Amino acid sequence: MQKITESVVLFVALMMTSFGCAKASEASNFNSLPSKPVSESPELRGPQPAIGEQAPTDTQLEALLTVCYPTPGSQVCPKVYALKNHPLANSDYRYRDPFTDPSFPGANPERYRKPLHVLDLTKMNLSLKASKNFSFGEFLSVSKGPLAILSRIVLERLELMRTDFGRGIQITSGYRSPGYNSGISGSAAWSRHMYGDAVDLVVSGFSVNGMKRVCEGRGGFALTYEDGHVHCDWRTVPQDADFFGQSSKSGLQTLAEIRSALSADLVIEFKQSDSIGHLSVTGESEEEGSLTREWKLRNLESGVEYFSSDLEIVTALEPGPYSVSVTVGQALVSETEIVVE
Ligand SMILES: [Zn+2]
């Protein structure tokens with residue numbers, strides 16, 4: 001019979017100390033899937049698909065969600081569709097992951113999360129009003145991306161800016177798919193136009209600096225261009241949850257802070273009864289679109305490795321020393337050893 005050595009007990013105690021102890025309610029929420037045994041041939045197992053990456057079902061293909069825009073009188077609420085499963089989501093919709101892409105500039109990755117839901121412009125009447133003075137077609141066009149995002153902050157703030165200007169605003173560019181954006185010379189790799197909260201605008205009778213001040217006065221981030229237009233976006237506010245989901249760690253600013261918060265409540269436990277080893281990694285519930293936590297168990301003598309983004313592994317373990325490593329958003333947060341006798 002195998003049993004846990006003192007070093008395992010020490011290891012568990014160490015992990016409890018270094019990671020802190022998650023509350024029971026959090027731990028039980030972390031993994032909604034039942035624990036299951038892994039393959040009898042662990043050496044044949046590659047990395048497992050993350051939770052939520054199962055094949056799409058018909059009901060997922062047809063959106064059940066709508067986004068309502070602040071139109072006076074009658075609300076307009078177009079449907080939104082899951083981007084992941086949409087038949088029009090071709091290579092133009094490869095959003096970069098701000099949590100893992102080395103080209104990400106580093107500030108506020110939570111504001112650059114990939115969209116979960118999109119409007120389908122082929123099923124919309126773009127001449128409809130999205131707010132009192134602006135129609136959908138002023139921001140969205142099939143040629144720049146048939147699947148699109150129009151964050152409501154844009155309409156809310158543009159209506160206020162229209163009052164500030166005392167006249168109409170001409171929108172020269174709104175949403176762009178990542179593929180379309182990358183084809184524009186000089187476009188920013190992380191352009192807010194791909195996130196549906198940026199507009200390029202022109203207002204007759206105003207200088208670029210005058211337009212920039214009005215954008216900034218309504219909480220926007222502005223850039224002036226020599227051709228007379230101003231880029232105005234709302235990267236400073238949380239992403240529209242109906243398109244991007246709820247931010248899992250709202251209020252946190254940097255990738256390091258988010259990684260540290262996700263690591264802080266991890267509890268790693270190893271138990272053994274007869275020949276069955278049971279390793280579990282638990283922590284606070286993970287939201288779609290946030291950093292992925294994965295762990296690896298490696299037999300240091302045979303080299304056999306177990307990978308999982310599931311949170312529990314129950315398997316027969318050969319005696320020997322193992323290394324256990326846990327990554328959050330592909331960055332190593334913990335590495336230690338256990339011994340099975
Ligand atoms: Zn722009």
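The model is predicted: local features need pLDDT of at least 70, side-chain atom pairs count only at pLDDT 80 or more, and totals for chains, interfaces and linings use all residues. Residues are numbered from 1 along each chain, as its sequence is written.

Start with β8, residues 230-233. Strands here are DSSP runs of E with at least two residues, helices are runs of H or I with at least four, and both are numbered from the N terminus. V230 and C232 point one way from β8, while H231 and D233 point the other way. All four names mark buried residues. A residue is buried if 20 or more other C-beta atoms, placed from the backbone, lie within 10 Å of its own; with 12 or fewer it is exposed, and in between partly exposed.

Which strands pair with β8? Strand β6 (residues 198-202) is joined to β8 by four bridges, and the two run antiparallel. Two strands pair if DSSP finds at least two bridges between them. D200 has H231 as its bridge partner in β8. Strand β7 (residues 221-224) is also antiparallel to β8, again with four bridges. There, A222 stands opposite C232. Five residues lie between the strands in the β7 and β8 hairpin, where G228 takes a positive phi near 100°.

Now turn to helix α6, residues 208-217. Its buried residues are M211, V214 and C215. After α6 comes G219, with a positive phi near 80°.
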